[in-house]
Amino acid sequence: MTTPAPVPHKPEGPPRIPGARAVRPKNAATVMIIRRDAAKPRVLMGKRHGGHSFMPDRWVFPGGRIDRSDYRAPFATDLRPDVGDLFNKHLPVGRGRALALAAVRETWEETGLLLGKPGESRGTGPWKDFAAQGVVADLEALDVIARAITPPQVGKRFDTWFLLAEAERLTSLERQADCGELEEIAWFDFDEAMDLQLPAVTRMMIKEAGERMKDPSRPKLFLRFKDNSMKPTSL
């Protein structure tokens, strides 16, 4: 893949305090869950609350920052070898699995949907409610699409890994009652999703997912920012 030219980019999110050093990005993961039981593939999207300081009222994929508990959470299946190797190429050993577990946990917390297999575990902390559903995380379901780091001009930054999972790996397509932090969740085909109020990086990931469906061997994107421009390379 030819490396794209730098793309001018207007940072989204609360601005960095003038004169302050750039905020260190927090490790995070998000997951695109793809449903293929209709004429066109559909992706799960959720609407963030208007009171959020980061991306208010935007439609996003479920996900969030890594928690210490994600390093020791149980799992029913481990990462595929190619996915684990890619994480280990760029991150300290163990962090990639923790990021994948964070994505599974946040999907449950934000949407009330479970990427897992039936099983018993002793979940603690943020994992206690997940474990109470009688499910253990299914990491084999996850693939990597891309990695993106929030630009330094923003006061709240994330080093986010964008993952992909098939909806058939969910224990159910029905949202658990009284669960989910996102205001609304829904399935949209890619064209419908592009008409939503989306963060720029989310829009890019929807396009990238469409391209990967045409060419699964396509290199995985790494998006970084410098001099107010996005510098796309590959992982």
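Modeller: What follows goes through the cores, then the aromatic pairs, then the salt bridges. The model is a predicted one.

The largest nonpolar core has 38 residues, and the members that touch the most others are F87, L142, W161 and L163. Two or more residues each are given to this core by β2 (26–35), α1 (81–90), α2 (95–111), β8 (135–138), β9 (143–149) and β10 (158–166). Helix α2 supplies the largest share, 8 residues.

L142 shows how this part is put together. Leaving out residues up to four places away in sequence, L142 touches V31, R80, V83, A100, V104, L115, L163, L164 and A165. Another core, of 24 residues, lies apart from the largest one and includes I34, I145, F190 and L223.

I145, in that other core, is in strand β9. With a relative accessibility of 1%, I145 is buried, as the limit for that is 20%. Beyond its neighbours within four places in sequence, I145 is in contact with M32, F162, L163, L164, M205, E208, A209, R212, K220 and L221. For one of these, F162, the C-alpha atom is 5.5 Å from that of I145, although the two residues are 17 apart along the chain.

Now the aromatic rings. The whole structure has 3 aromatic pairs. In one of them, W59 and F188, the ring centres are 5.4 Å apart and the planes stand at 85 degrees, which makes the pair edge-to-face. W59 belongs to strand β4 (residues 59–60) and F188 to strand β11 (residues 184–189), so the pair links parts of the chain 129 residues apart.

F87 and W161 make up another pair, a tilted one, with 4.8 Å from centre to centre and 55 degrees between the planes. Because F87 is in helix α1 and W161 in strand β10, this pair ties together parts 74 residues apart in sequence. F87 and W161 are both buried, and both are among the residues that touch the most other members of the largest core. A ring also takes part in a contact with a charge: the charged end of R35 sits over the ring of W187, 5.3 Å from its centre.

The salt bridges come last, and there are 16 of them. K220, listed above as a contact of I145, forms a salt bridge with D143 at 3.5 Å, N to O. K220 is in the loop between α5 (200–214) and β12 (221–226) while D143 is in strand β9, so the bridge ties together parts 77 residues apart in sequence. K220 is buried at 17% relative accessible area, and D143 counts as buried at 16%.

R169 and D138 form a salt bridge whose closest N and O atoms are 2.9 Å apart. R169 lies in the loop between β10 and β11 and D138 in strand β8, 31 residues apart.

Within helix α2, E109 and R105 are 4 residues apart, about one turn. They form a salt bridge with closest N and O atoms 3.3 Å apart, and both are buried. E109 and R105 are also part of a salt-bridge network that links them with D70 and E106.

Terms used: Residues numbered from 1 in each chain as written. Predicted model: local features only at pLDDT ≥ 70, side-chain atom pairs only at ≥ 80, totals over all residues. Heavy atoms only, no water. Core = buried A, V, L, I, M, F, W, Y, C linked by side-chain atoms within 4.5 Å. Buried < 20%, exposed > 50% of the residue type's maximum accessible area, 1.4 Å probe, protein only. Contact = heavy atoms within 4.5 Å. Phe/Tyr/Trp six-rings, centres within 6.5 Å; stacked < 30°, edge-to-face > 60°. Lys NZ or Arg CZ within 6 Å of the ring centre and 35° of its normal. Salt bridge = Lys/Arg side-chain N within 4 Å of Asp/Glu carboxyl O.
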